[in-house]
Amino acid sequence: MGKSFSIPISRRDFMKMAGMAAIGVLAEGAIGGTDTVSAAGSKAGTINYGGKEIPVLFSVDVCVAGGGPSGTAAAIMAARNGAKTVLIERGVALGGLAVLGCVYPFMDTHAPDSDTPYVAEVKKRLRQHGIEPFDGVTQQTWHNPETLTLIYDEMCSEAGVNVLFQTVVVDTVVEGQKLTACIVQTIAGLAAIQAKTFIDSTGDAYLSRSAGVPYERGYEKTGNNQPLSFRFEMGGIDVGRLYQHVAVELQEDWCKSKPPYFEIAEAMHRKQRYKLEDLMAKGVASGEITQEEAEYMQAYTIIGKNGVMSMNCPEIPVKFSATDPVSYSKAVAYGRRMMHNIASYLIRHLPGFEKAFISREAAMLGARESWRIRGKHYLVEDDYHSQSRFADAVCRTAWFIDAHGEKVSEKLPKGGYYEIPYGALVAEKIENLIVAGRCISASFILQASMRIQPTCMSIGEAAGIAAAWGLKKHIAANAIAWDKIPPEKRSYVSK
Ligand SMILES: Cc1cc2nc3c(=O)[nH]c(=O)nc-3n(C[C@H](O)[C@H](O)[C@H](O)COP(=O)(O)OP(=O)(O)OC[C@H]3O[C@@H](n4cnc5c(N)ncnc54)[C@H](O)[C@@H]3O)c2cc1C
């Protein structure tokens, strides 16, 4: 590959992109000293990688890997706080599992006043886009994945975040205790992104593991990851008929809200029993579905997508691993077969589904848990039960421990919560790295509580603020004392 790196982009589009980035930086004030990004030819030069000269595509203050709930929040907040920021996402939409994985809706943290400003803003923006996220009965946030990802595009653009889509982080360059660059596979080939601070929000701790940060995976007692799911959406559903059958005729009171906010849960959902149990058990008895297909199924209406439900299934047996590439790949085909079996069964037997069809399948498998870093602070199950508080807390949550197949805890008493400390976002090994989202430093069991989307967003929000703060104050990311940042600049202050 030659020294000049050329992305086929029209001059008009390029000027627009460059202008947008410049406006973002000028409006907020860059932290300083970085080269201007050029899409049509890197001005930041090249680096030698594996014996090849590869272009440096960006040289910035903050590089965020992974555009899920945590990474998008991190990038937006870093940029809003004056850091020239790049966000790398391997898909073509921001939102991670919430969008690419069809994971819906935002669960309620169950903690009082847990919404950090960013989370509150996302909810407000949904409403501004015509999606009312609250049903007035349940506490979950019903959204719309297509609108959510549009909102993320808008927020990134307004903040001046440079988003690189269809770009995969494949390696890192580490010098001493510092991560100096990450190597990415772009649509045009390999390139490097240099940054002063990196945020790993890949969900799989990919950047951290590549940089040599210690990590764990799966449950220490069994070695298993949490089960994967292959979520999908079904369209053509007569939601009124479904509601009539499930809520009125069967008198299922699982979902207290009414259409357009409505959800069903199947029969054998862990230890609970639902009114659809007979229906699913009949399918197992007749051989139309398997026990594993019957065991976990939940479906939610999607606001703004009439007749469409988000299917929280199939749950793929744990013999398929979220951390083994061969096993993971086999899980795709296995899960797709399960998806079709479940869909066909519902179409044949569940009132309201007569004309339904699979309208969308997830663009990534749903990994609840894969790899987690071992950071400066390690959260454990007892932090949940003891409702731990930390001076350097970045958010609070109280979602119950939901380690499918291993442990499902009781909810904390009303008003109870635990906090997540900044120390769980950083590791000793790499000084300019912050980790956000479901791969922070937490045990398998505790992670099963903190992994919900609003909590991941709040963690990302804090990571972005901290990254920009550290650069302004010349403090290494893993040495930042979150509680020493002025309270008005923090997204969360422990009481
Ligand atoms: C089946 C299932 C059901 C769930 N149900 C709910 C629910 O109902 N409500 C709720 O609130 N939460 C739910 N969760 C949990 C929640 O969705 C996730 O824990 C949360 O999305 C994690 O956010 P994240 O930002 O850490 O990572 P992710 O959402 O996993 O995002 C990571 C992003 O990084 C990108 N990425 C990864 N590696 C690379 C790389 N090398 N280079 C570039 N990009 C990369 C991915 O494409 C992705 O966009 C569920 C999870 C699953 C799996």
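At what angle do the axes of α2 and helix α3 cross? Point 1 answers this for the model, which is predicted.

1. Helix packing. Helix α3 spans residues 117-128, and its axis comes within 11 Å of that of α2, the two crossing at roughly 105°. Angles of 65 to 115 degrees count as roughly perpendicular, so α2 is described as roughly perpendicular to α3.

2. Residues between the helices. On the α2 side the contact is made by Thr72, Ala73, Ile76, Met77 and Arg80. From α3 come Tyr118, Glu121 and Arg125. By class, the residues of this contact are four nonpolar, one polar and three charged.

3. The ligand shell. There are 34 residues around the ligand, and Ser70, Glu89, Pro105, Arg438 and Arg451 come nearest. The shell is made up of 16 nonpolar, 12 polar and six charged residues.

4. Where the shell comes from. Helix α2 (69-80) supplies at least two residues of the shell, and so do β5 (168-175), β15 (366-367) and α12 (453-473). The largest share, three residues, is that of α12.

5. A nitrogen atom of the ligand lies 2.7 Å from a backbone N or O atom of Pro105. For Val169, a backbone N or O atom is 2.9 Å from a nitrogen atom of the ligand. Pro69 places a polar backbone atom 3.4 Å from an oxygen atom of the ligand.

6. Burial of the ligand. The ligand taken alone exposes 1,000 Å², of which the protein buries 97%.

Conventions. Residues are numbered from 1 along each chain as its sequence is written. This is a predicted model: local features need pLDDT of at least 70, side-chain atom pairs count only at pLDDT 80 or more; totals for chains, interfaces and linings use all residues. Side-chain values use heavy atoms; hydrogens and water are left out. A residue is near a molecule or strand if one of its heavy atoms lies within 4 Å of it. A polar contact is a pair of N or O atoms within 3.5 Å; within protein, one must be able to donate a hydrogen and the other to accept it, and residues adjacent in sequence count only if both atoms are side-chain atoms. Accessible areas come from the Shrake-Rupley method with a 1.4 Å probe; for residues, only the protein chains shown count as cover. Helices (H or I, at least four residues) and strands (E, at least two) are DSSP runs, numbered from the N terminus. Ala, Val, Leu, Ile, Met, Phe, Trp, Tyr, Cys and Pro count as nonpolar, Asp, Glu, Lys and Arg as charged, and the others, Gly among them, as polar. Axes are lines fitted to C-alpha atoms, for helices over the stretch in contact, and angles run from 0 to 180 degrees between N-to-C directions. Angles under 35 degrees count as roughly parallel, over 145 as roughly antiparallel, 65 to 115 as roughly perpendicular and the rest as oblique. Contact means heavy atoms within 4.5 Å.
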